[in-house]
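Trainee: I have just opened this entry and would like to walk through its side-chain contacts. Could we begin with the charged ones?

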Amino acid sequence: MPQRNLLILMIGVVIGYVCFLCGEPNTFARYVARSLTQIHSGSLEHVPNQELFNAAMNGMVDVLHKHGDEHSQFISRDDADPFRAEMRQQFGGIGVRIHFQGNPPQLVIVGTPDPGTPAAGSQIRAGDHVLAIDDRPTGGMTMSDVLHAMRGDPGQSVRLTIEHVAGERPETVALVRDVIVVDSILGDRRTAEGGWEFRLAENPEIAQVRIAAFGNKTADELARVLTKLTHDGAQAAVLDLRDNPGGALDAAVAICDMFLPTGLAIVETRGRDGTVRARYTTSGKGQFQKLPLAVLVNQNSASASEIVAACLQDHHRAAIIGQRSYGKGTVQQLIPIESGQSLLKLTSASYWRPSGKNIHRRPDATDADDWGVSPDPDLEIALDDKAYEAYVKYRDDRDLFQPPAEKPMATPHEKPDADAFTDRPLHSAVDYLRDKFSIN
């Protein structure tokens with residue numbers, strides 16, 4: 001063999017070996033793959049490969065949990081599409097809210113169907129029991145099962161077997177799915193048409209703008225809402241981040257950018273060794289740099305909502321009111337698995353607020369440790385468990401769309417529960433804005 005050809009062959013072998021090493025840097029990958037093969041071919045009991053794979057992924061994630069990473073998650077094939085739909089803020093559906101209640105649990109329609117959706121013009125009513133979906137009984141279903149059955153491609157039909165609250169004979173309602181858009185920016189109360197009224201009834205110059213989650217459309221939604229509100233005369237806004245679980249980091253960064261001048265730090269992400277992965281700063285293009293703000297947080301405000309609260313607090317841009325936040329200072333990366341059919345939600349970095357602190361609460365943290373976003377001095381308003389339950393009911397009642405003719409009438413001298421609750425953190429935010437900015 002000519003020396004030149006031999007040299008080319010040797011180079012090819014070396015390159016192939018290097019590629020092999022790079023492609024499999026962890027020798028345990030071989031062991032896991034061989035174990036799966038052995039179980040598949042040699043175990044006495046046949047177990048589907050998908051179940052073995054799911055168990056292996058969940059087992060590895062469980063180890064991460066034991067080492068303090070409680071937010072990594074394996075999202076199986078069955079749950080991946082609903083998860084993506086939540087991030088996109090839209091899916092194919094019929095426009096109803098559902099939950100399980102009672103013992104044994106029954107699937108119940110919560111509130112009137114959303115206006116303009118397929119269910120809105122049907123016989124479906126608030127409080128109806130859903131007995132079956134496409135002839136499949138809902139008894140024994142999980143919520144994941146229900147979502148898979150109810151949702152689907154727009155244009156496809158779905159049949160619900162409904163038992164009305166009046167005790168009538170069950171009937172089957174056939175509907176055609178449509179694109180359901182999930183709003184992440186919510187207001188103080190519903191309008192008669194099913195939309196949102198943001199301006200407070202007793203203080204119309206102040207708007208309550210609730211951010212339910214941080215999805216792909218949240219920043220654009222918020223910009224549209226604030227533009228209309230300021231055009232219509234609103235002089236200040238309360239950003240309500242209570243019970244907001246977080247979501248997309250990009251959305252949190254874009255929202256901070258709306259309210260701050262150029263060149264200020266928003267958030268920084270760092271890897272395992274403390275190396276800075278990314279540093280986000282303001283562009284100075286925000287439309288609402290002068291809009292008076294207050295921010296509400298509570299014990300369930302987490303992740304992206306904490307990024308916004310911490311950034312606005314560190315730059316003295318808004319008062320933070322309520323209770324100390326959850327304390328989730330880590331960033332999760334979505335990694336496609338099985339050619340994208342499932343997902344690994346992997347904690348890959350920590351985020352650091354402009355002051356240089358990481359707000360993450362470790363599993364062994366105590367109340368005396370420094371974590372989360374704490375309210376400003378004299379603006380802490382803690383709700384005990386009973387008061388928080390009352391707040392949740394108040395919000396649920398206020399959020400459900402009920403056409404005026406369908407609203408239940410209160411008996412004489414009886415005050416509806418939703419009106420009896422006093423939202424003290426919101427009232428404190430209003431008082432702060434009126435006093436500090438002389439809003440009448």
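This is a predicted model: local features need pLDDT of at least 70, side-chain atom pairs count only at pLDDT 80 or more; totals for chains, interfaces and linings use all residues.

Trainee: Is R97 buried or partly exposed, and what about D114?

Mentor: R97 has 32% relative accessibility and therefore counts as partly exposed. D114, at 18%, counts as buried, because buried means under 20% relative accessible area.

Trainee: Which residue does R210 pair with?

Mentor: R210 forms a salt bridge with D399, at 2.7 Å from N to O. Since R210 sits in strand β13 and D399 in helix α9, the pair ties together parts that are 189 residues apart in sequence. R210 is buried at 8% relative accessibility, and D399 is buried at 17%.

Trainee: And what does D314 meet?

Mentor: The side chain of D314 meets that of R353 in a salt bridge of 2.7 Å, N to O. This pair links distant parts of the chain, 39 residues apart: D314 is in helix α8, and R353 is in the loop between β20 and α9. R353 is buried, with a relative accessible area of 11%.

Trainee: Which residues are linked with R159?

Mentor: R159 is in a network of salt bridges with D134 and D135.

Trainee: Changing topic, which residues of helix α5 are buried?

Mentor: They are V146, A149 and M150. Viewed down the axis of α5, these buried residues fall within an arc of 90°, so they line one face of the helix. The elements covering them include β2, β3, β4, β5 and β7.

Trainee: What about nonpolar cores? Which residues have the most contacts inside the largest one?

Mentor: Those are L222 and F259, in a core of 49 residues. Helix α7 supplies the largest share of this core, 8 residues. Leaving aside residues up to four places away in sequence, L222 touches I185, V209, I211, L239, I255, M258 and F259. Another core, of 18 residues, lies apart from it and has I98, V146, M150 and L175 among its members.

Trainee: Why would such side chains gather like that?

Mentor: In soluble globular proteins, nonpolar side chains tend to be buried together.

Trainee: How many aromatic pairs are there?

Mentor: The structure holds 7 aromatic pairs. In one of them, Y394 and F421 have ring centres 5.0 Å apart and planes at 40°, so the pair is tilted. Y394 lies in helix α9 and F421 in the loop between α10 and α11, so parts that are 27 residues apart in sequence are tied together. Both residues are buried. Y394 and F421 also form one aromatic cluster with Y388 and Y391.

Trainee: And how are the rings of Y432 and F437 placed?

Mentor: Their centres are 6.4 Å apart and their planes stand at 85°, so that pair is edge-to-face. F437 is partly exposed, with a relative accessible area of 35%.

Trainee: Finally, where does the charged end of R324 sit?

Mentor: It sits over the ring of W371, 3.6 Å from the ring centre. The charged end of R361 sits over the ring of Y326, 4.5 Å from its centre.

Technical notes
Residues are numbered from 1 along each chain as its sequence is written. Side-chain values use heavy atoms; hydrogens and water are left out. Buried means under 20% relative accessible area, exposed over 50%, partly exposed in between (1.4 Å probe, protein chains only). A salt bridge is a side-chain nitrogen of Lys or Arg within 4 Å of a carboxyl oxygen of Asp or Glu. Helices (H or I, at least four residues) and strands (E, at least two) are DSSP runs, numbered from the N terminus. The arc is that of the directions from the helix axis to the C-beta atoms. Contact means heavy atoms within 4.5 Å. A nonpolar core is a set of buried Ala, Val, Leu, Ile, Met, Phe, Trp, Tyr and Cys residues joined through side-chain atoms within 4.5 Å. Rings of Phe, Tyr and Trp (its six-membered ring) pair if their centres lie within 6.5 Å; planes under 30 degrees apart count as stacked, over 60 as edge-to-face and the rest as tilted. A charge sits over a ring if NZ of Lys or CZ of Arg is within 6 Å of the ring centre and within 35 degrees of the ring normal.
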